[in-house]
Amino acid sequence: MEKILIQDCLILPATHRLGKKEKTQDLLIKGDIAIDGGRLLKVGPEGTIPSDWNPGKIINGKNFLCLPGLINCHTHAAMTLLRSYADDLPLMYWLEKKIWPIEARLTGEDVYWGTLLALIEMIKSGTTTFNDMYFYMDETAQAVEKIGMRACLARGLVGIGNQAEKGLEESRAFIEKWQEGAGGRIKVWLGPHAPYTCPPSYLKKVISLAQEYDVGIHIHVSETKDEIAQIEKKYKKTPVGYLQEIGLFQFPVLAAHCVHLTDEDINLLAESGISIAHNPESNMKLASGIAPVAKLRAAGITVGLGTDGAASNNNLDMFGEMRTAALLHKVVNEDPLVLPASEVILMATRDGARALGLENEVGMLKPGLKADLILINLNQAHLFPRHNLVAHLVYAAQGHDVDTVIIDGKVVMEHRKILTVDEELVRAEVEKRIPRLTSPG
Ligand SMILES: [Zn+2]
């Protein structure tokens with residue numbers, strides 16, 4: 001693997017939280033980064049890298065800001081195929097009349113190309129790791145392998161209807177085939193869809209599979225008021241109470257959404273060490289509500305950020321998600337001190353890695369960790385002047401400002417050109433499939 005030196009760069013390592021007496025700019029270093037064998041060898045001020053160290057590639061970091069690759073904690077990548085197909089509709093109508101009929105027509109190949117489109121979009125907006133739940137996961141994993149991203153992948157499991165058992169079998173086969181696949185870049189999880197689609201007898205089967213393979217669980221939890229009412233009616237519990245009682249929380253769980261929670265739910269999630277994926281834009285677009293992120297963080301719960309699928313966002317740009325999260329929680333708490341920029345960046349990097357159990361691999365720029373990083377082009381009108389670059393990243397930057405992306409020590413995008421797939425071909429393949437997917441019957 002190539003040795004890479006990034007020289008003379010501003011670096012946001014995301015290795016520590018802002019101390020009380022520190023200024024935001026103290027979070028930055030000006031210096032060099034050395035990458036060897038897919039990992040970070042050195043990160044530090046000029047002079048950190050021994051002069052006799054010979055890199056195969058040198059990147060001039062002048063006018064760039066380098067930070068850990070962003071981590072999208074909750075998405076359904078192939079839903080890019082449904083982007084802007086149905087908007088501004090009530091949730092159940094949107095699902096039943098629009099989304100599900102198209103999903104029923106999807107083939108494995110559709111999912112492969114739709115996923116590649118999503119991965120191109122994610123890389124081009126600075127995401128290096130994502131957490132996915134969908135179907136045709138073999139094709140999803142192939143797309144991840146091809147483009148060179150890092151991912152946690154789960155086959156979505158719905159415990160009602162005729163696909164229930166098939167989903168479990170496919171999950172087992174998927175774990176057997178892809179766990180630690182693509183050179184260790186792929187981790188396979190189990191993906192029971194949600195409390196309202198997974199009855200107790202089914203969740204017990206998911207639990208025994210999780211036990212057998214020692215894997216994490218990715219699930220939607222407490223997304224809408226309707227879900228709360230359904231679970232209350234069936235089990236006399238909240239969704240969180242239901243999952244806890246059934247024993248799901250004995251595993252590492254990433255709960256997406258957690259919009260509607262009681263104080264008791266928050267205590268249960270904190271005690272059980274459950275991590276949460278906060279998806280502010282999806283929750284706003286579907287009018288689901290606002291997750292109590294400030295309360296969750298105060299309870300010591302790890303909260304990462306996610307975009308959710310492109311049908312309910314409608315993009316996969318984590319810069320947009322950071323900005324929305326920072327603004328939303330200020331206005332809802334009527335407190336401009338809630339979620340400062342430096343904390344929001346940690347949510348999208350270090351906390352996201354922790355939420356996915358990857359804290360010893362990615363999420364920070366620290367020697368020994370995998371080399372997943374992005375370079376932001378600072379030479380742009382909307383990033384001038386440079387009073388506070390950390391604030392710029394959250395309040396002014398856009399995904400389009402990402403110039404170069406390195407994942408697992410490999411340059412995957414250079415000066416905005418993806419090096420591992422033909423972007424034009426992917427767009428054409430996606431476009432070709434749309435008439436069949438959207439034609440009725
Ligand atoms: Zn989702």
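Me: What covers the buried residues of α8?
Reply: This is a predicted model. In it, the cover over the buried residues of α8 includes α6 (200-213), β10 (217-221), α7 (225-235) and α9.

Me: Which residues of α8 are the buried ones?
Reply: They are Pro 239, Val 240, Tyr 242, Leu 243, Gln 244 and Ile 246. Six of the eight residues of α8 are buried, so the rest of the structure largely encloses this helix.

Me: New topic. Which domains does the chain have?
Reply: The domain assignment gives domain 1 (4-68 + 367-418) and domain 2 (70-355). Their C-alpha centres lie 28 Å apart.

Me: How many residues of each domain are in contact with the other?
Reply: 26 residues of domain 1 are in contact with 26 residues of domain 2. On the domain 1 side, β5 (64-68), α15 (389-395), β15 (402-407) and β16 (410-414) each supply at least two residues.

Me: Which of them gives the most?
Reply: α15 does, with five residues. The domain 1 side that touches domain 2 has 18 nonpolar, three polar and five charged residues.

Me: How many residues are in the largest nonpolar core?
Reply: The largest nonpolar core has 141 residues. Those with the most contacts inside it are Ile 33, Cys 66, Leu 119, Leu 153, Met 322, Val 344 and Ile 345. Helix α2 (residues 108-124) gives the largest share, 10 residues. Domain 1 and domain 2 each give this core at least three residues.

Me: Why would nonpolar residues gather like that?
Reply: In soluble globular proteins, nonpolar side chains tend to be buried together.

Me: Take Met 322. What does it touch?
Reply: Leaving out residues up to four places away in sequence, Met 322 touches Leu 305, Val 344, Ile 345, Ala 348 and Val 394.

Me: And Asp 132, buried or exposed?
Reply: Asp 132 is buried, because 28 other C-beta atoms lie within 10 Å. It lies in strand β7 (residues 127-134).

Me: Which residues does Asp 132 touch?
Reply: Thr 75, His 76, Ala 77, Thr 140, Ala 151, Leu 153 and Ala 154, not counting residues up to four places away in sequence. Leu 91 is 41 residues from Asp 132 in sequence, and the two are 21 Å apart in space, C-alpha to C-alpha.

Me: What about His 382, buried or exposed?
Reply: His 382 is exposed, because it has 9 other C-beta atoms within 10 Å. It sits in the loop between β14 (373-377) and α15.

Me: Where are the cis peptide bonds? Start with Pro 385.
Reply: A cis peptide bond joins Phe 384 and Pro 385, with omega about -15 degrees. Pro 385 is in the loop between β14 and α15. A cis bond also joins Asn 313 and Asn 314, with omega about 10 degrees. Asn 314 is in the loop between β13 (303-305) and α12 (318-333).

Me: Last bit. What is the phi of Ser 222?
Reply: Its phi is positive, about 50 degrees, although Ser 222 is not a glycine. Ser 222 is in the loop between β10 and α7. It counts as buried, because it has 28 C-beta neighbours inside 10 Å.

Me: And Glu 334, what is its phi?
Reply: Glu 334 has a positive phi of about 45 degrees, and it is not a glycine. Its place is the loop between α12 and α13 (341-348).

Me: Is Glu 334 buried or exposed?
Reply: Glu 334 is exposed, because 7 other C-beta atoms lie within 10 Å.

Conventions: Residues are numbered from 1 along each chain as its sequence is written. This is a predicted model: local features need pLDDT of at least 70, side-chain atom pairs count only at pLDDT 80 or more; totals for chains, interfaces and linings use all residues. A nonpolar core is a set of buried Ala, Val, Leu, Ile, Met, Phe, Trp, Tyr and Cys residues joined through C-beta atoms within 7 Å. A residue is buried if 20 or more other C-beta atoms lie within 10 Å of its own, exposed if 12 or fewer, and partly exposed in between; C-beta atoms are placed from the backbone. Helices (H or I, at least four residues) and strands (E, at least two) are DSSP runs, numbered from the N terminus. Domain bounds come from an automatic or database domain assignment. Two residues are in contact if their C-beta atoms, placed from the backbone, lie within 7 Å. Ala, Val, Leu, Ile, Met, Phe, Trp, Tyr, Cys and Pro count as nonpolar, Asp, Glu, Lys and Arg as charged, and the others, Gly among them, as polar.
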